[in-house]
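Please examine the sequence and the model shown below.

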Amino acid sequence: QVQLVESGGGSVQAGGSLRLSCAASGVTYGRNCMGWFRQAPGKEREGVAVIDAGGGSTYYAYYADSVKGRFTISQDNAKNTVYLQMNSLKPEDTAMYYCAAKAGSCRPEWLIPSYAYWGQGTQVTVSS
């Protein structure tokens, strides 16, 4: 059974930075996709960034338009951990951030039902 545990959320002022971590356990060998979604109060869950992880030497990262140039997703295969470095944070980035994972390719990257595994979430609050 795959388990995902997030950490690194918190409160920061606009323009600040945070780094989220997602540690996975029970991951089977082979290509898989891990990444981040977020949900603000009263809004639908949306994709933030995902990355093809595990197997091979070529990795693909996908970003929502709203975070391109500000957020960077990376992975440490040895630790089965994915990171989300968030810079130049804005108040509209305030949300609960969820780690998600699925077997195989990330495509389609933003199709939420295609992700079989989810973490409990970590809160990110950006004040103006």
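**Reading strands and rings**

Q: Which residue in strand 11 stands opposite Ser11?

A: Ser11 has Thr125 opposite it in strand 11. Strands are DSSP runs (E, at least two residues), numbered from the N terminus. The model is predicted: local features need pLDDT of at least 70, side-chain atom pairs count only at pLDDT 80 or more, and totals for chains, interfaces and linings use all residues. Residues are numbered from 1 along each chain as its sequence is written, and side-chain values use heavy atoms, with hydrogens and water left out.

Q: In what sense does strand 11 run with strand 2, and with strand 9?

A: Two strands pair if DSSP finds at least two bridges between them. Strand 2 (residues 10-13) runs parallel to strand 11, joined by four bridges. Strand 9 (residues 95-103) pairs with strand 11 in the antiparallel sense over three bridges, and Tyr97 stands opposite Thr122.

Q: Where does the charged end of Lys102 sit?

A: A charge sits over a ring if NZ of Lys or CZ of Arg is within 6 Å of the ring centre and within 35 degrees of the ring normal. The charged end of Lys102 is placed over the ring of Tyr115, 4.3 Å from its centre. Arg45 lies over the face of Tyr98, at 3.8 Å from the ring centre.
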